[in-house]
Amino acid sequence: MKYILLTIILCVSFTLKAQDSKPTEAINGKYYLMDAERASQGKMTKIKFFEFGELNGKEVLAIAACEKCMPAIYTYKPEESKEINRLVFFNSAGLYVIQYDNESFVMIMPNPNGEDWLDFMFSNFYSKNKTKADQMTQEKIKTFVSSL
């Protein structure tokens, strides 16, 4: 009986661990930004809308400045996600969206001429929690990325 219980606990633990690096629709929603970004018609916004889904057979994350705005599309990267045990998305412009916690993401664009990944051309923080977004800093983003 003891071994059966131990086996069940181990199976559940491995299943839960594997789910950490698989995106779901729980990502969807309104996110607050650390720094304002450009929105439509040259206006600035501190809110973005995330939606995870499938597009042409690929798992993607769409991020838009408003609910009716044209989104930027980021492709899910399963190998990278598994490697760092966090969701990772990437787009052709060179932007990475990396899961920070269950309700937050960082977006970075490493400088292609930089010496390491901590030389960002762009970085920002997105969270469903407004307080968390307001308290984030560029230095905390660098510390987080360096820990990966």
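User: In this predicted model, which residues of helix 4 (residues 138-147) are buried?

Analyst: The buried residues of helix 4 are I141, F144 and V145. Viewed down the axis of helix 4, these buried residues fall within an arc of 95°, so they line one face of the helix. On the other side of helix 4, E139 and S147 are exposed.

User: What covers the buried residues of helix 4?

Analyst: The cover includes strand 1, strand 6 (96-101), strand 7 and strand 8.

User: How many helices and strands does the protein chain have, and what pattern do they follow?

Analyst: The protein chain has 4 helices and 8 strands, and along the sequence they follow the pattern α-β-β-β-β-α-β-β-β-β-α-α. Of its 148 residues, 32% count as buried, while carbon and sulfur atoms hold 55% of an accessible surface of about 9500 Å².

User: How should I read a nonpolar core, and which residues of the largest one touch the most other members?

Analyst: The general idea is that a nonpolar core is a set of buried residues, drawn from kinds such as Val, Leu, Ile and Phe, that are joined through side-chain atoms within 4.5 Å. In this structure the largest nonpolar core has 17 residues, and those that touch the most other members are I27, F50, L61, Y74, F89, V97 and F105. The elements that give two or more residues to this core are strand 1 (29-38), strand 2, strand 3 (58-64), strand 4 (72-76) and strand 7 (104-110), and strand 7 gives the most, with 3 residues. Apart from this core lies another, of 11 residues, among them V106, F125, A133 and F144.

User: Where is F50 found, and is F50 buried or exposed?

Analyst: F50 is found in strand 2 (residues 44-55), and with a relative accessible area of 3% F50 is buried, because buried means under 20%. Leaving aside residues up to four places away in sequence, F50 touches I27, N28, G29, Y31, L61, A62, I63, F105 and Y126. Counted in the same way, L61 touches I27, F50, E51, F52, A72, I73, Y74, F89 and V97.

User: How is a pair of aromatic rings described, and how many aromatic pairs does the structure hold?

Analyst: A pair of aromatic rings is described by the distance of the centres and the angle of the planes. The structure holds 9 aromatic pairs. Among them is the stacked pair of Y31 and F50, at 3.9 Å centre to centre with 25° between the planes. Y31 lies in strand 1 and F50 in strand 2, so the pair ties together parts that are 19 residues apart in sequence. An edge-to-face pair is formed by F52 and F89, at 6.4 Å centre to centre with 65° between the planes. Since F52 lies in strand 2 and F89 in strand 5 (residues 88-90), this pair ties together parts that are 37 residues apart in sequence. F52 counts as buried at 9% relative accessibility, as does F89 at 0%.

User: Which residues form one aromatic cluster?

Analyst: The cluster is formed by Y31, F50, F105 and Y126.

User: What does the side chain of N124 reach?

Analyst: The side chain of N124 reaches the backbone oxygen of D35 at 2.8 Å. N124 is found in strand 8 (residues 120-127) and counts as buried at 1% relative accessibility. Not counting residues up to four places away in sequence, N124 touches L33, M34, D35, E37, F105, V106, M107 and I141, and I141 is one of the buried residues of helix 4.

Key: Residues are numbered from 1 along each chain as its sequence is written. This is a predicted model: local features need pLDDT of at least 70, side-chain atom pairs count only at pLDDT 80 or more; totals for chains, interfaces and linings use all residues. Side-chain values use heavy atoms; hydrogens and water are left out. Buried means under 20% relative accessible area, exposed over 50%, partly exposed in between (1.4 Å probe, protein chains only). Accessible areas come from the Shrake-Rupley method with a 1.4 Å probe; for residues, only the protein chains shown count as cover. Contact means heavy atoms within 4.5 Å. A polar contact is a pair of N or O atoms within 3.5 Å; within protein, one must be able to donate a hydrogen and the other to accept it, and residues adjacent in sequence count only if both atoms are side-chain atoms. The arc is that of the directions from the helix axis to the C-beta atoms. Rings of Phe, Tyr and Trp (its six-membered ring) pair if their centres lie within 6.5 Å; planes under 30 degrees apart count as stacked, over 60 as edge-to-face and the rest as tilted.
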